[in-house]
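Colleague: Could we go through this model together? I would like to begin with the contact between the chains.

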Amino acid sequence: MHYNQFLSLIDIFGTAAFAIAGAFSAMERKLDPFGVLIISFVSAIGGGTLRDVLVGNLPVSWLQNGTAILVIFCSSVVTMLFGHYLKQLQTALFLFDALGLGLFTIIGLEIAIKNGLPGYSCIALSTVTGCFGGVLRDVLLNKVPLLFRREIYALASIGGATAYYFLRRTTIDEDLSKIGCILLIFFIRWIAVRYALGLPRFYRDPAA
Amino acid sequence: MHYNQFLSLIDIFGTAAFAIAGAFSAMERKLDPFGVLIISFVSAIGGGTLRDVLVGNLPVSWLQNGTAILVIFCSSVVTMLFGHYLKQLQTALFLFDALGLGLFTIIGLEIAIKNGLPGYSCIALSTVTGCFGGVLRDVLLNKVPLLFRREIYALASIGGATAYYFLRRTTIDEDLSKIGCILLIFFIRWIAVRYALGLPRFYRDPAA
Amino acid sequence: MHYNQFLSLIDIFGTAAFAIAGAFSAMERKLDPFGVLIISFVSAIGGGTLRDVLVGNLPVSWLQNGTAILVIFCSSVVTMLFGHYLKQLQTALFLFDALGLGLFTIIGLEIAIKNGLPGYSCIALSTVTGCFGGVLRDVLLNKVPLLFRREIYALASIGGATAYYFLRRTTIDEDLSKIGCILLIFFIRWIAVRYALGLPRFYRDPAA
């Protein structure tokens, strides 16, 4: 119960952080308020929607989740009205985003396991859940997805998902290993941003 | 019966209007005839397809709907061959598009209600049905979706869907309220375009 | 058995060719290694995934297909490490790609027929299976899909699918007509590239 309340809080703050990041991206592209709202929604629910569609968990979960819709709507409107103030909360937003990434990854993993998928597919689906809201957001905003050029983001999700996948097979308490893996993803993100770590990129061959 | 014939006519003309608008966008981007055909299809059936996938109404409906496929195919070919003449029919195409938006919105709403979804999801799905063909078209043509920058378009759909959602709970005749809401969406679109109404946009913060 | 082994080989080489083509596109866009991996996956499994979602064949098939995932992963990593050498294999890669297009088209057609869809939908779905991995790849890389501007590619897929659809109704051996149609698609592609054939494109009306 104590754990679940903690997870519900992360869920709400993580959803809000994803929606706020989406709203900022959309406002930078000069969309109108309706466009900003749509991009907030896609950012926050896109990953879970794609996961639900791929495994056949239909109707997709947000259609039945009034809380998430309300949180996203309010986050988006608040960002439109008070964006300037929110920019001063960048650190807080980063923390929520990293916690959200952790939680959504673990939720995706559990749904994949419940559908009886093999291990590599479980980890793929959990990463899709955590990361693909941002990919869909960037596609709608006509940009090459940030995920493909970003400091260790998907890798944090993959690392935490793999850890949880193996911890579930041990006798360690499930809630404890869940929270442990969310924090693992959080810390990988924190270290990646703190030390500006990233994967090397490929450059266009000048002779090609 | 009389009502249904009227709705079937709107369905055909609306589908054609969506397909023709798609074909024009694709021709502007210098696609080859096959590309124009695909964009016509995506414009006309994209919204309904996304709705069917999200609620799990599979196989998606156009796979079984020979009439729609024929209408889209002919509209696209005619646009490729006689595009110059069609441009002089711009007013007629706008009227068909507005009627189509109305009808597809109401169809989406009925499918959502039949799936037992809560009210806000019904309205979201009906807007997806009416508007997201155009979003998918713009994504495939590598543009920021027009929907997010356009005069009152999605808002007309949301307005009509909300009105129908509440009218269905009254004792007013269902066919009558259906046609009333299609016309409501039509008139909101007409007024928005006639007076060049739109939502204010967000501008990139020059200091950001 | 003999036929099936031949088809399994085409499957593996075709999947690899699609994944390698995806990896090259992603490296040209300077993505990081994780981005390259994702684009390889989307190129190779995107078409089949979209087909599975549209007909409701869920969970989508790659989630259960360990071989495909392994082939794609290795192809992508090898491309990242030894891309320069692979470029000298361009002819081999083109051949694999054309064979893969043939096989994936026929697989898509069989799944559509098994789902009891009408003829035109079967052919549409088989083309989606063969061609839309590349469309999704281009959308993620923020380009107008090459498919819409390319030498006879989708047309080869449509031609082979139509031939197989009608051959299945004759008494000709099923495996034989399958291989015949894969080779038909292969030869249309070969001739189109050999003689640089393409469909005429539409140009933006300068006066518009």
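Predicted model: local features only at pLDDT ≥ 70, side-chain atom pairs only at ≥ 80, totals over all residues.

Colleague: Which helices of chain A supply the side that touches chain B?

Modeller: Helix 1 (2–28), helix 2 (33–55), helix 3 (66–87) and helix 5 (119–140) of chain A each supply at least two residues of that side. The largest share, eight residues, comes from helix 2 of chain A.

Colleague: And what is the make-up of that side of chain A by class?

Modeller: The side of chain A that touches chain B has 18 nonpolar, seven polar and five charged residues.

Colleague: What area is buried between chain A and chain B?

Modeller: About 2600 Å² is buried between the two chains, and carbon and sulfur atoms give 70% of this area. Of the area that chain A buries against chain B, K30(A), F34(A) and L63(A) supply 24%, more than any other three residues. The contact takes 30 residues from chain A and 32 residues from chain B.

Colleague: A change of topic: what span does helix 4 of chain B reach?

Modeller: Helix 4 of chain B (residues 90–114) has 25 residues and reaches 36 Å from its first C-alpha to its last, close to the 36 Å expected at 1.5 Å a residue.

Colleague: Which residue takes a positive phi just after helix 4 of chain B?

Modeller: That residue is G116(B), with a phi of about 70 degrees.

How values were computed
Residues numbered from 1 in each chain as written. Chains lettered and ligands numbered in written order. Heavy atoms only, no water. Helix = DSSP H or I, 4+ residues; strand = E, 2+ residues; numbered from the N terminus. Expected span 1.5 Å × (residues − 1). Contact = heavy atoms within 4.5 Å. Buried area = accessible area lost by both parts, 1.4 Å probe. Nonpolar A, V, L, I, M, F, W, Y, C, P; charged D, E, K, R; others polar.
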